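Visitor: I am new here and would like a tour. Could you show me what we will be talking about?

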Amino acid sequence: MIETDIIIIGAGPVGIFTVFEAGLLKLKCHLIDSLPQAGGQLTEIYPKKPIYDIPGYPTVDAGELVDKLMEQSAPFKPGFTLGESAVTIDEVEDDMFIVTTNKGTKHKAPIVMIAGGLGVFEPRKPPVENLEKFEDNGVEYIIKDPEMYQDKKVVVAGGGDSALDWSIYLVENNIASELSLVHRRSSFRGHLDSVQKVMDLAEAGKINLITEAEVVGLNGNGSLDAVQIKHKDGSSVEKSTDHFVPLFGLKPSLGPIGDWGLEIEKNAIKVNTRDYSTNRPGIYAIGDVNTYEGKLKLILCGFHEGTIAVQSAFARIYPDKKNVLKYTTVNGVNGFE
Amino acid sequence: MADNMITIHIIDREGVTHDLEAPTDMNMNVMEVCRSYELPVEGRCGGMAMCATCQCYLESDTELPEQSDSELDMLDEAFFVEDNSRLGCQIHISDEIDGIVLKLAPEGN
């Protein structure tokens, strides 16, 4: 069991900065994020995009901002549970919460702050009938264990880097016995060298390249036997296969946040703007995941919300302790040992 | 009509046409206009051409500027794409598109 003062669900910019503000009040934080790295959508979706409305930075790339926030929070030694998504929040004795992830990791704290942004990143699933019926019976959205494709027939779909790179990997390492790559267009927009490699492998007869086509159906009795591929010209063929791996990137969805007994409005958690608390005492929501009258989904506003929320969290944890605002300029930053 | 206003016609997923007045002087795009009228356009990425939740089909013969690489990249990976697919967030509200007709693509991107 991981124990801390504040469990922060979501390691995006707002979650990371909240570690700093909590640290000034000598509160320790532990962050949970479904992605394998900190930074949330800034790192996952647009690391190279410039942001122009961070005070003091005329321009800063999203990835660089995350690096700076991590550096700023480092003295307060945050803990991380990455690559796991928070699934349940249970209240136990002594006004404590236990947050459990999809992998069973348990975290205990008197305060939970949800800084979940747009939600949990999940694979984008193509609109193919029966797709969910074959999940884990021949359909996988993420390649976790390449060995499972040893000597199997595999159909990969998608035109981005992950579709290209995995196709190359499964062929060059002599894993798949037959590999087909299905893409809706005739050109690929992945990295040029990956595209060239796929073209070379197709030329050499090692990748069965099927372009201007889409997988539109799946066949099989219990487990997958074949995919139905429809070409742009309207013709359709059935291709026998053991696995279908659609690789169309990730998309965020509110996911389990909707099941935590919190008041939800327009896909976001309703909060009291006095301290960004939710309807469950001890649970706060900050950043893009919350909503209130006048809400602006800006990183800037999330920083403010986290700062206010930790003051309220302090008062909840230590109802008898006096707390006054101290300026970092006066006191400096006294990190944790 | 007031200065700096145009009309765009959005056909929703039930086939109903909405005639929306949109200002040309607020640096807006079609996705933002749809959202301001509370039409069911998610605009998840905020307008960076990095999701396809504002995908729509161009139904009028309005001349639009050439699509950027980032828009084409996104449409490459999107679902329900047709030859007349566009990302609403990449269509700037300007006098040139007055009267444009766009149909919202299905949800699921």
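Visitor: Which strands does helix H6 of chain A lie across?

Guide: Helix H6 (residues 299-317) of chain A lies across S2, S10 and S22 of chain A, and runs at about 165° to S10(A). Such an angle is taken between N-to-C directions, on a scale from 0 to 180 degrees, with axes that are lines fitted to C-alpha atoms, for helices over the stretch in contact. A word on the setting: this is a predicted model, in which local features need pLDDT of at least 70 and side-chain atom pairs count only at pLDDT 80 or more, while totals for chains, interfaces and linings use all residues. Residues are numbered from 1 along each chain as its sequence is written, and chains are lettered from A and ligands numbered from 1 in the order in which they are written.

Visitor: What makes H6(A) a helix with the expected span?

Guide: Helices are DSSP runs of H or I with at least four residues, and strands are runs of E with at least two, numbered from the N terminus. The expected span is 1.5 Å times one less than the number of residues. H6(A) has 19 residues and reaches 27 Å from its first C-alpha to its last, close to the 27 Å expected. Helix H5 (residues 192-203) of chain A, with twelve residues, reaches 16 Å, close to the expected 16 Å. After H5(A) comes Gly205(A), with a positive phi near 80°.

Visitor: Which residues of H6(A) are called buried?

Guide: Among them are Ile299(A), Phe303(A), Ala309(A), Val310(A) and Phe314(A). A residue is buried if 20 or more other C-beta atoms, placed from the backbone, lie within 10 Å of its own, exposed if 12 or fewer, and partly exposed in between. The buried residues of H6(A) pack against S2, H1, S10 and S22 of chain A.

Visitor: Why is Glu147(A) called exposed?

Guide: Glu147(A) has 7 C-beta neighbours inside 10 Å, so the residue counts as exposed. You will find Glu147(A) in the loop between strand S11 (120-123) and strand S12 (153-157) of chain A. The C-alpha atoms of Glu147(A) and Ile175(A) are 7.0 Å apart, although 28 residues separate the two along the chain.

Visitor: How do you know that S3(A) and S6(A) pair?

Guide: Two strands pair if DSSP finds at least two bridges between them. Strand S3 (residues 29-33) of chain A and S6(A) have four bridges, in the parallel sense, so they meet that definition. Asp33(A) stands opposite Leu82(A) in S6(A). Both strands belong to an open sheet of five strands in chain A, ordered S6-S3-S2-S10-S22 with parallel pairing.

Visitor: What makes S6(A) and S22(A) the edge strands?

Guide: Strand S6 (79-82) and strand S22 (283-285) of chain A each pair on one side only. From one strand to the next, the twist averages 20°. Helix H1 (residues 13-24) of chain A lies across S2, S3 and S10 of chain A, at about 175° to S3(A).

Visitor: Which residues touch the most other members of the largest nonpolar core?

Guide: They are Ile6(A), Ile9(A), Val112(A), Met113(A), Ile114(A) and Tyr284(A), in a core of 49 residues. Such a core is a set of buried Ala, Val, Leu, Ile, Met, Phe, Trp, Tyr and Cys residues joined through C-beta atoms within 7 Å. A second, separate core of 31 residues includes Tyr149(A), Ile168(A), Ala176(A) and Phe188(A).

Visitor: How many residues of chain A are in contact with chain B?

Guide: 15 residues of chain A are in contact with twelve residues of chain B; contact requires C-beta atoms, placed from the backbone, to lie within 7 Å.

Conventions
Contact = placed C-beta atoms within 7 Å.
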